[in-house]
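Colleague: I am new to this model and would like to learn how to read its features. Could you take me through some of them, giving the general idea before each case?

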Amino acid sequence: MLSHHLRLLAVLLGSTQLVESIALNLESTQSIKNAASTIAHGMMAYYNGNETGQTIGILPPPYYWWEAGAMFDQMIHYWYYTGDKTYNDVVTQGLLAQISPDKDFMPSNQTLTEGNDDQAFWAFAAMSAAELKFPEPPPKQPSWLALAQAVFNEQASRWETSRCGGGLRWQIFSWNKGYEYKNSISNGCFFQLAARLARYTGNQTYADWAIKTWDWMESGPLVTPQFNIFDGVDMSDNCTKPIPLQWTYNVGTFLMGAANLYNYTDGKPRWRKLTEDLLNGTKVFFPPQLDNGKGNIMQEVACEPQQSCNYDQPSFKAYLSRWMAATTQLAPFSQAFIMPKLRDSAEGAAKQCSGAPNGGTTCGRTWNTATWDGKLGVGEQMSALSVIQANLIAKVAPPVTADRGGASKSNPEAGTGASSQTPPDPLLTRPVTMGDKAGAGILTAIVLGSLLGSTWWISFGS
């Protein structure tokens, strides 16, 4: 019998007929909400964790664990933008099903292959829930904020200065490929999480960790003078030779962190400049040749033109879209740069949501073409949903903080466990627990080999 996912693909691929794309009028709030509703329904059709006999909180193969967390985060934002509560119970159930007895996102079904970046995407969902006032979990469950704090504490305990002067490894367990790799997304996620926690709680300790992380990034080869963010560095050569691939979510996660620090510090010039510099670093993902020189259509340049994206990468544009939208609230000076890109990309994404069947609303990947490109999946749906609903950002309240409307309860000790043998770092908010160390990556058997073999390398001269 075909699995839920294969049955869905069979239906989607069984027809090549193209129908009219999703109607979208960006001048109409209701039109944006209607388009978002259609796309959200298409995305959630891939999820079967709430069906009998399936695993709650998990997407079916070929999707990896981390992307389910990213999907739930997207659905929290869907509720935030539209007010539609249809999926709220499913989202809450899915998120809580993937916490461990230690009240963190280290479930027993993932701990042998879970990486720092994977865990962080689940923490982002919890952090979004706290900031956007998504309904809190039942009383016996940890709060959304405490879940995010648990992940921060565990990842802070993994910061390593003995190799390459600092940074987080991609993987946590030494037997996973990628353990000897320090990558931008793991460190960028930690930077973002620390910055968001600083803003929400007002605790300078979190900000200190964010600053420490950015200082480490900036001191190495992963950030170019043009603020392009490269993929990562191998530890075998002391992190001196970067892998010059660029992904939308790498610059996006640092942008989100910088904007939060700008907001937290009431506009400190250092974080305004970094926000501006990182915005300039996003330009590579808006090639002007896609829209007659305007440079407003987003593209995953490392794999999209070559049609070499794997199952993870089509979702990356969702995160840059989401974080660019949030940046306009946290750092309003960015609106003039960001909003034309979100508008034009949204219009392009809506035209790509023209794949049959589903009434011709299956979303593709290439937003600069009006004809469905035949690509489909969770990532394609998520990216289209993200960029379209981001055009409602001016209609919604900004993220709350603990002293400005926030209700999620803080637990600075979350994620510490009970048997720590490691003395606390002065920058930590609590003792470090060796038992916190477990997991590893976006299924990392495809580490550098697949990066080298299947994606376009982007390098920049001085």
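**Rings and helices**

Modeller: Ring pairs link W66, F121, F124, W247, Y249, F316, Y319 and W323 into a cluster, where rings of Phe, Tyr and Trp (its six-membered ring) pair if their centres lie within 6.5 Å, and planes under 30 degrees apart count as stacked, over 60 as edge-to-face and the rest as tilted. This is a predicted model, in which local features need pLDDT of at least 70 and side-chain atom pairs count only at pLDDT 80 or more, while totals for chains, interfaces and linings use all residues. Residues are numbered from 1 along each chain as its sequence is written, and side-chain values use heavy atoms, with hydrogens and water left out.

Colleague: How many aromatic pairs does this rule count?

Modeller: The count comes to 36 aromatic pairs. In one of them, the ring centres of Y47 and F72 lie 5.5 Å apart with the planes at 85 degrees, so this pair is edge-to-face.

Colleague: Is Y47 buried or exposed?

Modeller: Buried means under 20% relative accessible area, exposed over 50%, and partly exposed in between (1.4 Å probe, protein chains only). Y47 counts as buried at 4% relative accessibility, and F72 is buried with a relative accessible area of 0%.

Colleague: How many residues of helix 7 are buried?

Modeller: Helices (H or I, at least four residues) are DSSP runs, numbered from the N terminus. Helix 7 is mostly covered, with 17 of its 18 residues buried, and just after helix 7, G202 takes a positive phi of about 80 degrees.

How values were computed
Helix = DSSP H or I, 4+ residues; strand = E, 2+ residues; numbered from the N terminus.
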